[in-house]
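The sequence and structure come first, and the reading follows.

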Amino acid sequence: MRRVGILLSGRGSNMMALVEQARGYEVALVASDKPDAAGLAWAVERELSTFALSPKGIGKLAYEAALDRALREAGVEVIALAGYMRLLSDALVATWRGRIVNIHPSLLPKYKGLDTHARAIAAGDTVGGCSVHIVTEELDGGEVLGSAKVPILPGDTPDTLAARVLIAEHRLYPRILSEFVNR
């Protein structure tokens, strides 16, 4: 069974979906750059291995070296970003090339980066959604492995659209991760 490491920065609802719906992979490590992240507490309650370290005071290079060590020591083969709000360095991406996936709240290649829902609504789009992609050095620029469409309804706000997209993310991400690690 393939071993997956999940990186998160906050509550970790996508991480929870990846753990609860794991098929063909096991979560070997849940890691965060925020030691007080709610998602870490959830992982600990389920007796999952965790790693928490803030880069504050040690710098990005030292932080990523420690993260990489923890992932390797846990036997991680694939990394899944799940609400991880830090940009990975080009060096870390290169080290794990082709083995890092992320979920993004838009139909890539549209609306890379932040504020995706507000941008889709402002553009007059009738459909939004989410995409799972391979992480590369280009922000949200890697191969799209799967996507799910969500209608943008009259009167939608970024928050109402985000809530519906999150439901789609929780269905899409575990399925695509399973397909990815088992191909």
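## Strand pairing around β6

Which residue of β7 does G129 stand opposite? In this predicted model, the residue that faces G129 is K149 in β7. The two strands concerned, β6 (127-134) and β7 (144-151), pair in the antiparallel sense, and seven bridges join them.

β6 also pairs with β5 (100-104), again in the antiparallel sense, over four bridges; H104 has S131 of β6 as its bridge partner. Seven of the eight residues of β6 are buried, so the strand is largely enclosed by the rest of the structure.

## The cavity

A search of the whole structure returns one cavity of 30 Å³ or more, and the space in the largest cavity comes to about 70 Å³.

By residue class, the lining of the largest cavity holds five nonpolar, five polar and two charged residues. D125 lies in the loop between α5 and β6, while K110 lies in the loop between β5 and α5, so the pair ties together parts that are 15 residues apart in sequence. D125 counts as buried, because its relative accessibility of 15% is under the 20% limit, whereas K110 is partly exposed, with a relative accessible area of 43%.

## The largest pocket

The largest pocket contains about 920 Å³ of space. It is lined by 37 residues, of which Y84, M85, N102, I103 and H104 are the closest to its centre. H104, named here among the residues closest to the pocket centre, is also the residue whose bridge partner in β6 is S131.

Two or more lining residues come from each of α1 (13-20), β5 (100-104), α5 (116-122) and α6 (158-181), and α6 supplies the largest share, four residues. The lining of this pocket divides into 17 nonpolar, 13 polar and seven charged residues.

## Further salt bridges

Side chains of opposite charge can pair when their charged atoms come close. The count for this model is nine salt bridges. One of them joins E26 and R3, with 3.3 Å between the closest N and O atoms; since E26 lies in strand β2 (residues 25-32) and R3 in strand β1 (residues 2-8), the pair ties together parts that are 23 residues apart in sequence. E26 is partly exposed at 32% relative accessibility, and R3 is likewise partly exposed, at 27%.

Another salt bridge brings together the side chains of E137 and R97, at 2.6 Å from N to O. E137 lies in the loop between β6 and β7, and R97 in the loop between α4 (90-95) and β5, so this contact ties together parts that are 40 residues apart in sequence. E137 counts as partly exposed, with a relative accessible area of 35%, and R97 is partly exposed as well, at 47% relative accessibility.

Note on methods:
Residues numbered from 1 in each chain as written. Predicted model: local features only at pLDDT ≥ 70, side-chain atom pairs only at ≥ 80, totals over all residues. Heavy atoms only, no water. 1 Å grid on protein atoms, 1.4 Å probe; cavity = no way out; pocket = protein on both sides within 12 Å on 5 of 7 lines; lining within 4 Å. Points joined across faces, edges and corners; volume = space filled by probe spheres on them. Nonpolar A, V, L, I, M, F, W, Y, C, P; charged D, E, K, R; others polar. Salt bridge = Lys/Arg side-chain N within 4 Å of Asp/Glu carboxyl O. Buried < 20%, exposed > 50% of the residue type's maximum accessible area, 1.4 Å probe, protein only. Pairing = 2+ DSSP bridges.
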